[in-house]
Amino acid sequence: MRIAGIPRNPEHSPNMSDKDMKLFCEISERLKERGHSVEIVDNDNIDGVYDAIFHMSRTDETLQKLSDCEKRGISVINSPNGVKNCSRKTFMEIFGSNDIKQPPYCVVTHLTDTTMLKYPGWLKKSEGWSAHIDDVQFVASPQEADEALQRLSARGHSEAIYCEHIKGDLIKFYGVRGTEFFRHHYPDPETTKFGLERINGRAEKHPFDHKQLQQTAFQAAEALQIDVFGGDCIVTPNGEIYIIDMNDFPSFSAYREEAAEAIAGIIEKRAERNERIRP
């Protein structure tokens, strides 16, 4: 079967582009080992005839073209609509509609009276994904919140999300819908994208229901309509789980080989389904 792959634009992969590309290449190799043709394409070459397309793109132009491919009956992983759902404000609204536990939050602007906010907390760019160190900022006072909002405003962001800080262990999780693949771990605060994990500090490894985390993560992925996903959560000292972030097609760097096999499997399954139903 003919399968296309689109790697992530480096601007959407700060400090992680090498890891993203390693996963992309690993998936391509697994598909080739299964006997499929894999073609790496860009925006100018998406119009071909494929049995499936897997991609890590987040650009509006590419997502629109991939939506057109879906309308032509081509399976696209992740669905462009699902990728758009992972924009911060959007996924938080979807979580609210689906009873997925997350920290209390509100939308703020430079006109917001920041003395009314509960501190400490996090100011986050409301649209899109984190690609700049100031897209997610920890603030402990109204003055810090005002300064953080000014930095966002100076970069063209008219609004932000303010989330209350939840004390507890930070855990990263990864999954592939339609498979049994699900993994989670405590990150090293010193080796992450922007180093913000240092705020939570070293994990105390509070007891929690691992099955509940898996169920919640897959529930969140289903609500967002993404198949290949990762995210962050906080586990409080009493074992409560709060989802604080979701990402489409993460690098799976700690589990790359296992994830590549699972992802190749669902790409193949979707491509075979298209082949069966094609007139």
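How exposed is Glu-29, in terms of relative accessible area? Glu-29 is partly exposed, at 42% (buried means under 20% relative accessible area, exposed over 50%, and partly exposed in between, with a 1.4 Å probe and protein chains only).

## About the model

This is a predicted model, in which local features need pLDDT of at least 70 and side-chain atom pairs count only at pLDDT 80 or more, while totals for chains, interfaces and linings use all residues. Residues are numbered from 1 along each chain as its sequence is written, and side-chain values use heavy atoms, with hydrogens and water left out.

The structure holds 21 salt bridges (a side-chain nitrogen of Lys or Arg within 4 Å of a carboxyl oxygen of Asp or Glu). One of them joins Glu-29 to Lys-32 at 3.8 Å, N to O. Lys-32 is partly exposed, with a relative accessible area of 42%.

Arg-30 and Glu-26 also pair up, at 3.0 Å from N to O. Both sit in helix α1 (residues 17-33), four residues apart (helices are DSSP runs of H or I, at least four residues, and strands are runs of E, at least two, numbered from the N terminus). Arg-30 is buried at 14%, whereas Glu-26 is partly exposed at 21%.

## A link across the chain

Let's turn to Arg-34. Its closest N and O atoms in the salt bridge with Glu-268 are 2.7 Å apart. This pair connects distant parts of the chain, 234 residues apart: Arg-34 lies in the loop between α1 and β2 (37-40), and Glu-268 in helix α7 (residues 256-277). Arg-34 is partly exposed at 29%, while Glu-268 is buried at 15%. Through shared partners, salt bridges join Glu-26, Arg-30, Arg-34, Glu-261 and Glu-268 into one network.
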